[in-house]
Protein chains: 2
Amino acid sequence: MMTIAVSRRTMLTTLLAAGCCCCWGSTWAQTPSDPLPSWNEGAAKKSITDFVARVTTAGSSDFVPVPERIATFDNDGTLWAEQPIYFQIQFAFDRAKELAPQHPEWKTRQPFKALLAGDHKALAAQGEKALFEILRVTHTGMSTEAFTKDVTEWITTARHPRFKRLYTDLVYQPMLELLAYLRANGFKTFIVSGGTIEFMRAWTERVYGIPPEQVVGSSFETKYQFNDGNPRLMREPKIDFIDDKAGKPVGIGKFIGRRPVFAFGNSDGDQQMLEWTAAGNNARFMGLVHHTDAEREWAYDRNSHVGRLDKAWDEAVRRGWLVVDMKNDWKVIFPFEK
Amino acid sequence: MMTIAVSRRTMLTTLLAAGCCCCWGSTWAQTPSDPLPSWNEGAAKKSITDFVARVTTAGSSDFVPVPERIATFDNDGTLWAEQPIYFQIQFAFDRAKELAPQHPEWKTRQPFKALLAGDHKALAAQGEKALFEILRVTHTGMSTEAFTKDVTEWITTARHPRFKRLYTDLVYQPMLELLAYLRANGFKTFIVSGGTIEFMRAWTERVYGIPPEQVVGSSFETKYQFNDGNPRLMREPKIDFIDDKAGKPVGIGKFIGRRPVFAFGNSDGDQQMLEWTAAGNNARFMGLVHHTDAEREWAYDRNSHVGRLDKAWDEAVRRGWLVVDMKNDWKVIFPFEK
């Protein structure tokens, strides 16, 4: 009975996505429409649609039952841009500047002194410890609800320095289409990102259609406080989990508990997620976004300070995983180009 | 557009659950059937169906949009039995005995000596450290896949000492109906249990219809090993997270990222989950299973060594949360009674 319900559900999901109105329980005519209009015709697009057709065709030896159709996506550089610095770091910098008037001592205390002076070189020279200190004051010490409010305010107002647009305008249109296409074919889409969970959860449902419970990421510890009937989850200045590199398969195991059959990343931080995906039985799809378009977006790979694509690229080429060439494979990069 | 898709999906889900065949897009006659046939008519059942009607009626001031319909259930004592000892502990004991021939030194080493001699009193006297040692040898040191295989073998063969049935036969029929009823009304059902995640994930989809990615629980750390192209997640002898008491709201925040609108437990370990649920805005439902039926199941509460129900009971009574009286509210307890 579960099998029947599942296969009916798939039919219906496909139907809803196609926007086709017809009689349930009998045959129907499906609207012939391109599910990936922002992808140029070619090998990249074909490899995706061929894979989805194979795993969703009942009776095919590659058929994957709906509950096992797990697709995982890195976020930074895979679903949205990550230059000139990771957007969450920009949020931390902006937020620290906003908090500065309440902390006059920051004027003479590092790393805040360098941050407030706009001296990014001096800031970078202070290394990871400095970054953690800025994350600590902007990401912890408040309730989860207060933090979500901080993120929501920033994400709906702050502008990207190059494009002068909201950061959520810098999502990749072809990837939005890919997410919707997979969901229409019975896949459950997850984010598996090095960014922190609650920074993403504040907006992923609205922007990607990915609900909070399908966001896996790095996290700070939280602590439950009862507060005389007004309970809160307080964000503690202690890292709970780093969801990057070898942490990605760990995060997938912990939060999802199934191995993905479809995984997409863009950097060496995603290599282990793709390897973990590839090592499963049956049909698998592994993809990388290669940033090759300096004009419409950015061009960077082996020597980049963010989203370095080096070892994962070599492995992808060697093992025949898809490497998307943004410049040539994507008709449109950002939704606002349409 | 998302709203339309969601409300259509709800209609369809309800439809599928009702087993009603009709024309999609036009009106239909819904099969009038009782979604909770194993619940006796009365205040308990009515409080559930009234709540679901209120939060799913468009235009109602208590209406909850589908994506926010999060329902969380404790497992031990709420969805299945937990006497005479938690079933996962029984698994650990059985598994340790199975492993004993490979460890002749256990005959003289505690806590194994007491376990192998069947001396549960001596075992209990050794406290939590002894229990952790038995968990360590049975739950860690292997890959996640090997552990899932161990659990699957046990759960499909081991028999409960009193009922001489599979442990998965000792799930509560009224709760299975409640899970299905909530899902048919657009709720996403989660387990939030003190038991460990991977012990539950091995069978919750088959038994409860709850997929691995909707199981929140305690966990051991895992470590990614690449092993020359044969990657594994190895289970480490280190506790990662305890999903009990104040850990339950923390686990909900971490794994789900939304506050439940519906939560069910049975013991003081669930008190904080219910408090966290209750503190949300708008309509909320909090329930406790009270074990009152020594004949068909067990009767225990304030002084029980497992599933103690004491402070949470007092709070439930004071705040008007549902306290299910198993003996009087449930027509049938286990599916095999039908």
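This is a predicted model: local features need pLDDT of at least 70, side-chain atom pairs count only at pLDDT 80 or more; totals for chains, interfaces and linings use all residues.
Contact here means heavy atoms within 4.5 Å.

**Helix H3 against helix H7 in chain B**

- On the H3(B) side, the residues in contact are Phe87(B), Gln90(B), Phe91(B), Asp94(B) and Arg95(B), and they meet Phe147(B), Asp150(B), Val151(B) and Trp154(B) of H7(B).
- Sorted by class, the residues of this H3(B)–H7(B) contact are five nonpolar, one polar and three charged.
- As for geometry, the axes of H3(B) (residues 87-99) and H7(B) (residues 144-155) come within 11 Å and cross at roughly 100 degrees.
- Angles of 65 to 115 degrees count as roughly perpendicular, so that is the label H3(B) gets relative to H7(B).

- Helix H12(A), residues 271-278, has eight of its eight residues buried, so the rest of the structure largely encloses it.
- The buried residues of H12(A) are Gln271(A), Gln272(A), Met273(A), Leu274(A), Glu275(A), Trp276(A), Thr277(A) and Ala278(A).
- The axes of H12(A) and H13(A) (residues 311-319) come within 10 Å, with a crossing angle of roughly 25 degrees.
- Angles under 35 degrees count as roughly parallel, and H12(A) and H13(A) are therefore roughly parallel to each other.
- H12(A) puts Gln271(A), Glu275(A) and Ala278(A) into the contact, while H13(A) brings Lys311(A), Ala312(A), Glu315(A) and Arg319(A).
- The class breakdown for H12(A) with H13(A) is two nonpolar, one polar and four charged residues.

**A glycine in helix H11 of chain A**

- Gly251(A) sits in helix H11(A), residues 247-256, and is buried at 0% relative accessibility.
- Leaving aside residues up to four places away in sequence, Gly251(A) touches Val216(A), Phe241(A), Asp243(A) and Ile256(A).
- Gly251(A) and Met273(A) are 22 residues apart along the chain, and their C-alpha atoms are separated by 9.5 Å.

**Salt bridges**

- Asp62(B) pairs with Arg54(B) in a salt bridge, with the closest N and O atoms 2.5 Å apart.
- In that pair, Asp62(B) is buried with a relative accessible area of 18%, whereas Arg54(B) is partly exposed at 39%.
- Over in H13(B) (residues 311-319), Glu315(B) and Arg319(B) lie four residues apart, about one turn of the helix.
- An α-helix has 3.6 residues a turn, so residues three or four places apart point the same way.
- The side chains of Glu315(B) and Arg319(B) form a salt bridge at 2.7 Å, N to O.
- Glu315(B) is buried at 4% relative accessibility, while Arg319(B) is partly exposed at 37%.
- Another salt bridge joins Arg165(B) and Asp169(B), whose closest N and O atoms are 3.8 Å apart.
- Here both ends are partly exposed: Arg165(B) has a relative accessible area of 30%, and Asp169(B) is at 24%.
- Residues of chains A and B also come together in a salt-bridge network, which links Lys188(A), Arg258(A), Glu205(B) and Glu213(B).

**Aromatic pairs and a cluster**

- A pair of aromatic rings is described by the distance of the centres and the angle of the planes.
- For Phe334(A) and Phe336(A), the ring centres are 5.3 Å apart and the planes are at 20 degrees, so the pair is stacked.
- Phe334(A) is buried with a relative accessible area of 0%, but Phe336(A) is partly exposed at 27%.
- Trp39(B) and Trp330(B) make an edge-to-face pair, because their ring centres are 5.7 Å apart and their planes sit at 75 degrees.
- That tryptophan pair links distant parts of the chain, 291 residues apart: Trp39(B) is in the loop between H1(B) (2-18) and H2(B) (43-56), and Trp330(B) is in the segment after H14(B) (326-329).
- Trp39(B) and Trp330(B) are both buried.
- Chain A also has one aromatic cluster made up of Trp80(A), Phe87(A), Phe91(A), Phe147(A), Trp154(A), Tyr167(A), Phe199(A), Trp203(A) and Tyr208(A).

Methods: Residues are numbered from 1 along each chain as its sequence is written. Chains are lettered from A and ligands numbered from 1 in the order in which they are written. Side-chain values use heavy atoms; hydrogens and water are left out. Axes are lines fitted to C-alpha atoms, for helices over the stretch in contact, and angles run from 0 to 180 degrees between N-to-C directions. Helices (H or I, at least four residues) and strands (E, at least two) are DSSP runs, numbered from the N terminus. Angles under 35 degrees count as roughly parallel, over 145 as roughly antiparallel, 65 to 115 as roughly perpendicular and the rest as oblique. Ala, Val, Leu, Ile, Met, Phe, Trp, Tyr, Cys and Pro count as nonpolar, Asp, Glu, Lys and Arg as charged, and the others, Gly among them, as polar. A salt bridge is a side-chain nitrogen of Lys or Arg within 4 Å of a carboxyl oxygen of Asp or Glu. Buried means under 20% relative accessible area, exposed over 50%, partly exposed in between (1.4 Å probe, protein chains only). Rings of Phe, Tyr and Trp (its six-membered ring) pair if their centres lie within 6.5 Å; planes under 30 degrees apart count as stacked, over 60 as edge-to-face and the rest as tilted.
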